[in-house]
Amino acid sequence: MECSEEDIYTIAEYDFDWVRVGRRLLSDQKVRDIDREGSSEGDKREKMLLEWKRTKSCNATYQALVKALRAIQNNATADRVEALEKSKSQASTSNQSTTDGVVKYAEYLKGVYKVKPCGEQWLRVVSKHYVTLSTIESIEDFPKEKEETCTLAMIHAKIEEVKKLKRSITIDQVGVLGDGERARCIIVEGIPGIGKSTFSWHLGVCWAQKEILHDYHLVVLLRLRDERVQHAKCVSDLFYHYDQTTREAVVQWITSCEGDGVMMVLDGYDELSPDLQKSSIFADIIRGVVLPKMTVLVSSRPSANDNLHQLCQDQKCQYIEVIGFGKKEIQEYVDAALEQSKELRDQLMSYLEDYPHIHGLMYCPLNCAIIVQIFRYQMKIRSQPPQTLTEVYQVLIKTVLKRHEQKSVEPPAAMKHKGTSTIPNKPSTFPWLGDVSDQTIPQLLVLAKLAYDGINEDQLIFHGPSGTMETLGLLQEVPELYLESSGSSSYHFLHKTVQEFMAALHVSSLPPGERAEFIRTSFGKSNMTMVVRFMAGLTKFQSQDDIKGVLAFQRKGGRGLLESLHWLFEAHDPGLVQKCMGHREWTLQLLGEYLDPFDCYVLGYCIANSRQPWNLSLGVWINGQCVKMLMMVKKGGAFDYIKTIDFFHNDKLGDEGAIVLG
């Protein structure tokens, strides 16, 4: 029987020669390291036993310790250890029915984690192995000036810079505080698409494979986006199993031990409604009001962190940030995905040098996967790789649709959405769809309307009877971790950005007047920012109403003007930039905001193609890399048209930026 951590502390109080026993349980070097630490003999005994349990995990048994004690002729202590094991065994037998249920449930969960792949469907197409996500540990009293530097580095996707300032953390350090104590709450933060859900799933996979979290009988992953999870009112509602007896045994056991030996992973706290974030079974669990001895890991976007940190304020917490891929991870991913062709790898790196705004997207793992796969596809058909984000997703959508058609024997059936019984007509404005079947296009537009309604209502998950929704490969059935007999399923788009592109596809199919009204009403709505950019790339602003919408935004100045430049960049027509901006001198003034390298690249593109004087007053955080992006647009040369340029926070420019400006 495996020696429990509780009994380790008890045995450490027994009288025995820890050095001689330690040499039979650990390496000589490890025993010498413990001895050099200079603590009391009792502390050394305890450290030796804890190290033995940590390194040997399930092989750290009572009998192994008994054998070591008898080998040094300490039979009295060996008898005490055997008596301890016997009492533990008797207690275990009295609760056999409960523990059998827990073991059965644990095996069920391990089977789920091992079978279900981690990560989004698109990532699985590209790579067959998990590329380690960069993760860092946040420190509560981290110096403010360093925190600002980290924030800037993250905005500019400088992962390596962040890792130098904060402690990198590996998967086996999750839940372990700096002093070696176990954290009660673990907060995992990160922006959308950075890999929080993949990280949470991978944690379950590693536990199932007995690589980490050896002290936990159960690691229970709950996706808070799932409707049936959100409806939970009490502990019993959180545990699902097809066998009612097993479920009841697990709930009884976990309640009686107050969650000790269990890690619950609450993935997507930000996807709960504000009311549920503050008052629900999930809030009670995080606070420690319910199951106070359970370890809770909560993943969330930064937007919901204020509420989350309040819930955790009186507990031992570990804060982890998932920061995606650094240069090393991007290279590892590219090498793995394109391992068959060094020539293709070299071509991809050359392409990324020419289009750094595309490379800047790759620190987000999903974007990295999409760009690599698209580049490989475009090279195969000898086509020009994408130059804008719209073009990236056009190729993605077309590729997914063609794959779906190749797999489908029957043409897709019409899917009704919100009372819609008719299929929209095929628009004539989307030549990029190329040879996609006429039977597929109407269904695509139904999904586009679904995506738009979802973005408009902040809905990411859609529900319907299992297997009945025609997804075209663009929606993924949410893996149900816990089997029920309801027969219903949940669906989501491959990524939120895919949903935003599909929403833009719907808007693009509207009459020009309705599109102009959409542009007007979208100002200030953060959920529509990417939708409008994609719409600009899809329509190319070919109607006069579209152009009026651009001009109206330009008159707002500041961030409104900058956002209109993003639209013109996505449309990617120098003549359109001339038409909208080639008639007067321009002034862009920004105060108290951030400019990322992509903003600067877009700004440089529009300045160069407007061929008009520009006055830039940038009271924003900006560094040398941003200045390089501003000046590197090849066609036209932005620098020739910048009349004046002022930086309020020029201490962030550094030597790199000063050299460029010089």
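Buried denotes a relative accessible area under 20%, exposed one over 50%, and partly exposed a value in between, computed with a 1.4 Å probe on protein chains only. The structure is a predicted model, in which local features need pLDDT of at least 70 and side-chain atom pairs count only at pLDDT 80 or more, whereas totals for chains, interfaces and linings use all residues. Residues are numbered from 1 along each chain as its sequence is written, and side-chain values use heavy atoms, with hydrogens and water left out.

Glu 258 is partly exposed, because its relative accessible area is 33%. Glu 258 belongs to the loop between α13 (244–256) and β5 (262–267); helices (H or I, at least four residues) and strands (E, at least two) are DSSP runs, numbered from the N terminus. Most residues other than glycine have a negative phi. Glu 258, however, has a positive phi, near 55 degrees.

His 572 also has a positive phi, near 55 degrees. This residue is in the loop between α27 (558–571) and α28, and His 572 counts as partly exposed at 22% relative accessibility. At the start of α28, the backbone nitrogen of Gly 575 has a side-chain oxygen of Asp 573 within 3.0 Å. Helix α28 spans residues 574–581, and its buried residues are Leu 576, Val 577, Cys 580 and Met 581. Viewed down the axis of α28, these buried residues fall within an arc of 105 degrees, so they line one face of the helix; the arc is taken over the directions from the helix axis to the C-beta atoms.

Two further residues in helices may be considered. Asp 453, in helix α22 (residues 440–456), counts as buried because its relative accessibility is 9%. Its side chain is joined to that of Lys 449 by a polar contact of 2.8 Å; such a contact is a pair of N or O atoms within 3.5 Å, and within protein one must be able to donate a hydrogen and the other to accept it, while residues adjacent in sequence count only if both atoms are side-chain atoms. Lys 114, in helix α7 (residues 96–115), counts as exposed because its relative accessibility is 52%. Leaving aside neighbours within four places in sequence, Lys 114 is in contact (heavy atoms within 4.5 Å) with Ala 208 and Gln 209. Between Lys 114 and Trp 201 there are 87 residues of sequence separation and a C-alpha to C-alpha distance of 10.0 Å.
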